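Subject: Structure handover

Hi,

Here is the structure I promised to pass on. Please open it first, then read my notes below.

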Amino acid sequence: MIQKVPIHFSDNIELYIKRIDLIDNQIPGNKYFKLKYNIEEAKKLGKEKLITFGGAYSNHILAVSYAGKRHNLKTYAFIRGEELESKYQTNSQLKIASENGMNFVFVSRSDYREKNKLLERYFREHKESEYYIVPEGGTNSLAVKGTEEILGNDTENYDYICTAVGTGGTLAGITNAKLEHQKVLGFPALKDSEFLVKEIKKYTQNKFELIQEYHFGGYAKKNEKLINFVDEFNKKTNIIIEPIYTGKMMYGVFEEIKKGKFKSGSKILTIHTGGVNQ
Ligand SMILES: Cc1ncc(COP(=O)(O)O)c(C=O)c1O
């Protein structure tokens, strides 16, 4: 479903939002598309278990736990931060993931960085052939095959497509599926995202642009300006966005409209990739 954002902009610019956050109440937004073909592949390969990685408050972890439950696959996750082990029940996402049957391995931040080593160590004691590995943030080529389906017949008449960026899998799929006349703009939610361009180019040969100025200091960082913007947007439009991904992207789009980035008369489509306000 695409909604017009009921806010008036100068220069006849019109802003729209594609509500993929509403596609599935357990596996919402981009997660639905990123996991779709990975789950299919895991089943095709006869795997019984999904194993993945994530931080506290990871939408990805929660989505994988629901996907496993739905598809009868056991789920395992390496969680960044040993300190969470004793208190994960107080973390909204991890609590629900655990109730969905997900098993956690809590690891230090330095161990977490070395994902291959973590897996190697884990598989010394567990049967590797039973596991299907879903990368951190869920991005791989099957995820991108899925995110290509975010665009469709309903998105053909928009000049710009804007999305939040974490690992870049969502942006890569959208960039693959865009039409010749469409420009794709990505708004990273993390600081130091220069590596992303190279990462995203692994999955797409089409053109895209990253606008790096709206990360607000890094992942899940926010300030009063952003919080006020998101509150006001939510009140004015009745479309609920959060300040971690979609809120930062939307803030960036509003700023870029003010700066004259978009041609007059443009129709801008933003993607509501889901996400939970913590
Ligand atoms: C709500 C939401 N939007 C956007 C993204 C970014 O997606 P990607 O990692 O594919 O860039 C994420 C993170 O995965 C997310 O949880």
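Over which ring does the charged end of Lys267 sit? The ring belongs to Tyr158, and the charged end is 5.3 Å from its centre. A charge sits over a ring if NZ of Lys or CZ of Arg is within 6 Å of the ring centre and within 35 degrees of the ring normal. Lys145 has its charged end over the ring of Tyr37, 4.2 Å from the centre.

Some ground rules. This is a predicted model, where local features need pLDDT of at least 70, side-chain atom pairs count only at pLDDT 80 or more, and totals for chains, interfaces and linings use all residues. Numbering starts from 1 along each chain as its sequence is written, and side-chain values use heavy atoms, with hydrogens and water left out.

Next, the aromatic rings. Rings of Phe, Tyr and Trp (its six-membered ring) pair if their centres lie within 6.5 Å; planes under 30 degrees apart count as stacked, over 60 as edge-to-face and the rest as tilted. That rule gives 22 aromatic pairs. One of them joins Phe78 and Tyr122, edge-to-face, at 5.6 Å centre to centre and 80° between the planes. Phe78 is in strand E4 (residues 74-80) and Tyr122 is in helix H5 (residues 115-125), so this pair ties together parts 44 residues apart in sequence. Helices (H or I, at least four residues) and strands (E, at least two) are DSSP runs, numbered from the N terminus.

Phe78 is buried, at 2% relative accessible area. Tyr122 is buried too, at 11%. Buried means under 20% relative accessible area, exposed over 50%, partly exposed in between (1.4 Å probe, protein chains only).

Now look along H5. Its buried residues are Lys115, Leu118, Leu119, Tyr122 and Phe123. They span an arc of only 120° around the axis, so they lie on the same side of H5. That arc is taken from the directions from the helix axis to the C-beta atoms. The face turned away from the buried side carries exposed Asn116, Glu120 and Arg124.

A polar side-chain atom of Lys34 is 2.6 Å from a ligand oxygen atom. For Thr170, a polar side-chain atom lies 2.7 Å from an oxygen atom of the ligand. The protein buries 97% of the 390 Å² that the ligand exposes when taken alone. Those areas come from the Shrake-Rupley method with a 1.4 Å probe; for residues, only the protein chains shown count as cover.

Best wishes

Definitions and conventions:
A polar contact is a pair of N or O atoms within 3.5 Å; within protein, one must be able to donate a hydrogen and the other to accept it, and residues adjacent in sequence count only if both atoms are side-chain atoms.
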